[in-house]
Amino acid sequence: MMKYSYAVLQYRHEIWSGEAMNIGVLVFCRSAAYLKLKTRRSGGRLSAAYPNLDRPALTEDLNDLKHGFKSLSGKVFEQGTLFCTELPTLGAEGASDLKSLAYHVLKHDASSFRWSTFGTGVTSDIHETHQILFDRFVLKNEQKRDEARRSDDDVFESLQQQLRDVGIAGKLQPHVVSAPLLDVEFKHSIKNGVWHCVQPLSFDLKTHDGMVEKANTWTGNLYHLRDHPDFRAYFITGKPKESPLLPAYNRALAMLRSAPTTPIVVEETNAGTLVDYLVAAARHSAGPH
């Protein structure tokens, strides 16, 4: 069994109010060379509690924190005692050690984040324990995820058949676009100087919030990729079956169209438009004969 320690990260939307919500769990296990911050997405209860929440900014802040602990982990476990010149000496593993690491990345200040509960335990599987702690402290009161009744793959199928008809379906491949704080995988991409990256999105969901959250996730992804020069994003979208949800769907489309990098957004009923873009890309990628 391995000793570990953990700390709960809280978000304060209005610092003066004293109100806070659990948003992440940091876990440190020396024996497993493990130091990682797991955080929630900025939707769900957070959006319900704070309607004016700046979700892209919060997502960026959380990614910065996770990146900070990833960098710190490399120093602690690769440099070992050499790094103790920057940190108080780490003794027998416990909550006090984790506090040194936690406050090295997130200081005591008046920011929107603060450390809350600190604790210790033993485990035979640090990854499973981290998820259990995250479920207990962060997701305990979360509503069940709004699952699509038609999947993203179902939406892509409406495009896939047309791509087969013009003979380029086999030319699309997965591609990861990398940024300093985030890697985003597009399952269907083709290159002709730049990568043309297609992401199908099913909005056949059960709630307004689910659709807006899904659109916001991809808007946030493109925010992180905004300075990347070598890709163009395309979204093919499927609408909800229930007509009362169409206003939320239209709002989600507007969010995507206004996202950084100015992606091309095409509804699946107009898939032929996207096929034309991809056919042109495929011709250029083939080069001269």
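This is a predicted model: local features need pLDDT of at least 70, side-chain atom pairs count only at pLDDT 80 or more; totals for chains, interfaces and linings use all residues.
Let me begin with a definition: the expected span of a helix is 1.5 Å times one less than its number of residues, and helices here are DSSP runs of H or I with at least four residues, strands being runs of E with at least two, both numbered from the N terminus. Residues are numbered from 1 along each chain as its sequence is written, and side-chain values use heavy atoms, with hydrogens and water left out.

With that said, let me start with helix α4, residues 126-137. Its twelve residues should span 16 Å at 1.5 Å a residue, and the C-alpha atoms at its ends are 16 Å apart, which agrees. Its buried residues, where buried means under 20% relative accessible area, exposed means over 50% and partly exposed lies in between, with a 1.4 Å probe and protein chains only, are Ile126, Thr129, His130, Leu133, Phe134 and Phe137. Because these cover an arc of only 140 degrees around the axis, they are on the same side of α4, the arc being that of the directions from the helix axis to the C-beta atoms. If you ask what covers them, the answer includes the strands β1 (2-11), β2 (21-29), β3 (34-39) and β4 (113-123). At the start of α4, a side-chain oxygen of Asp125 comes to within 3.1 Å of the backbone nitrogen of His127.

Leaving aside neighbours within four places in sequence, Asn22 is in contact with Val8, Leu9, Gln10, Arg40, Phe137 and Val138, where contact means heavy atoms within 4.5 Å. A polar atom of the Asn22 side chain lies 2.9 Å from the backbone oxygen of Phe137, and the side chains of Asn22 and Gln10 are joined by a polar contact of 3.0 Å. By polar contact I mean a pair of N or O atoms within 3.5 Å; within protein, one must be able to donate a hydrogen and the other to accept it, and residues adjacent in sequence count only if both atoms are side-chain atoms.

Now to the nonpolar cores. In soluble globular proteins, nonpolar side chains tend to be buried together. A nonpolar core is here a set of buried Ala, Val, Leu, Ile, Met, Phe, Trp, Tyr and Cys residues joined through side-chain atoms within 4.5 Å. Which members of the largest core, with its 28 residues, touch the most other members? They are Phe186, Phe203, Leu225, Phe231 and Leu256. At least two residues of this core come from each of β6 (183-192), β7 (194-202), α6 (208-224), β8 (231-238) and α7 (246-257), and α7 gives the most, with six residues. Apart from this core lies another, of 24 residues, among them Ile23, Leu37, Leu53 and Leu65.

His175 lies in strand β5, residues 173-178, and is buried, with a relative accessible area of 17%. The side chain of His175 also makes a polar contact of 3.5 Å with the side chain of Trp195.

As for α6, 13 of its 17 residues are buried, which leaves the helix mostly covered. The 17 residues should span 24 Å at 1.5 Å a residue, and the end C-alpha atoms are 25 Å apart, which agrees. At the start of α6, a side-chain oxygen of Thr207 reaches to within 2.9 Å of the backbone nitrogen of Gly210.

Two loop residues are worth checking on the screen. Ala33, in the loop between β2 and β3, has a phi near 50 degrees, a positive value in a residue other than glycine, and counts as partly exposed at 45% relative accessibility. Thr262, in the loop between α7 and β9 (264-267), has a positive phi of about 45 degrees although it is not a glycine, and is exposed, with a relative accessible area of 52%.

Finally, the chain as a whole has eight helices and nine strands, and buried residues make up 45% of its 289 residues.
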